[in-house]
Amino acid sequence: MLPGARLRLMALKPSYTWHDTFAMPMGFPPSAFKSALEYEPAPGDFFIATYPKCGTTWAQHIVYLIAHRGVPVPATASLGATIPHIEEVGAQAARDLVPPRTIKTHLPFAMAPYSEHARYLHITRNPFDCAVSFYHHTRGFPQHYNFTDGTFEEYFECFLAGEVDFGDYFDHLASWYTLENAANCLFLTYEGMSTDPKAAVLAIGEFMGADLINDEAVLTAVLKHSSFASMSKDQQRWASQRPDGMPAFVRKGRTGDWRNHFSPEQAARLLEKCERRLSSTKYVEQWSQLFDDVRRFLRGDGATTRGTNEH
Ligand code: A3P
């Protein structure tokens, strides 16, 4: 056995709180989860609806910044106090917000609070980088997952099987995709936000009814304070403290980190699932460069795409 290698009789899995077959992070009160499912959106409610690790916090801060005319969340405050995660804090905390409310949810569409009079900002991210980011997230919050010693190999099997919190990545994507052309929804990708943050901020602003095109000072401030460099600072604004030695919550912020984690066998299996589950979506086209890169990786060719949003 190699030095440092660990011998396990059984693969380690993250621990979750199960609601029937739906997994949630440990420590999220069951009563909050149940009440979130019953929340009735008020007209004007604005939801940021994402699968975990697809750019939720980034989108939350952009929305916050637009609403606060470019002034960022102070170092001593928590973004979640203004834009709460409804499955974690429950429906009453959402009702208590001063309208117009902005609410975060990771629920699949079929379970999410929905009204045609509310608006939904949906962000998704390619599943390769999502899996890597979700792995680091899961090992970094022992109180929620008890997975500090988990390996990427172990996590990957759970991700591929859809046995992680908030359910299967592909089910989640497919459920929200049914709203892709709805007037009350805006669909963006993490990759698109990385490639052209200004276009993403303008699109979000327009969706919120904010005229950023004619407000250069606010637009500049929103872009500055929502950049990876700015959001890497004062990270207690986004999440609770992580144990020493764990990557920060705002971690790498790149497209393409999957290459540092995936074996060819894992990449082939996830690619097969992408081909099967994404074939009728626009993401086949939008992530075609990434999928080509995976195919090159499987052939043993070098990468031709570098991570976007290099810092
Ligand atoms: P990585 O772990 O790949 O770095 P979520 O908020 O949905 O949990 O998503 C977290 C991911 O978004 C992390 O990805 C994090 O680094 C990235 N992220 C957060 N803020 C960002 C920003 N301003 N620019 C680019 N990526 C950002």
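How many C-beta neighbours does Asp234 have inside 10 Å, and what does that make it count as?

Guide: Some housekeeping before we get there. Residue numbers start at 1 in each chain and follow the sequence as written. The model is predicted, so local features need pLDDT of at least 70 and side-chain atom pairs count only at pLDDT 80 or more, while totals for chains, interfaces and linings use all residues.

Now, your residue. Asp234 counts as partly exposed because it has 14 C-beta neighbours inside 10 Å. On this scale, 20 or more other C-beta atoms within 10 Å means buried, 12 or fewer means exposed, and partly exposed is in between, with C-beta atoms placed from the backbone. Asp234 sits in the loop between α13 and α14 (264–277). Those labels are DSSP runs numbered from the N terminus: helices are H or I with at least four residues, strands are E with at least two. The backbone is worth a glance too: phi of Asp234 is positive, about 50°, although the residue is not a glycine.

Arg69 has a positive phi as well, near 50°, and is likewise not a glycine. You'll find Arg69 in the loop between α2 and α3 (79–82). With 12 other C-beta atoms within 10 Å, Arg69 is exposed.

α2 (56–67) and α13 (228–231), along with α6 (127–140), each supply at least two residues of the ligand's shell. That shell holds 21 residues, with Thr56, Thr57, Ser133, Arg251 and Gly253 the closest; a residue gets in if its C-beta atom, placed from the backbone, lies within 6 Å. Sorted by class, the shell has six nonpolar, 10 polar and five charged residues. Here Ala, Val, Leu, Ile, Met, Phe, Trp, Tyr, Cys and Pro count as nonpolar, Asp, Glu, Lys and Arg as charged, and the others, Gly among them, as polar.

Ala42 is in the one between α1 (30–38) and β3 (46–50), and is partly exposed, with 15 other C-beta atoms within 10 Å. Its C-alpha atom is 33 Å from that of Gln286, which is 244 residues away along the chain. Pro100, meanwhile, lies in the loop between α5 (91–95) and β4 (102–105). A cis peptide bond joins Pro99 to Pro100, with omega about 0°.
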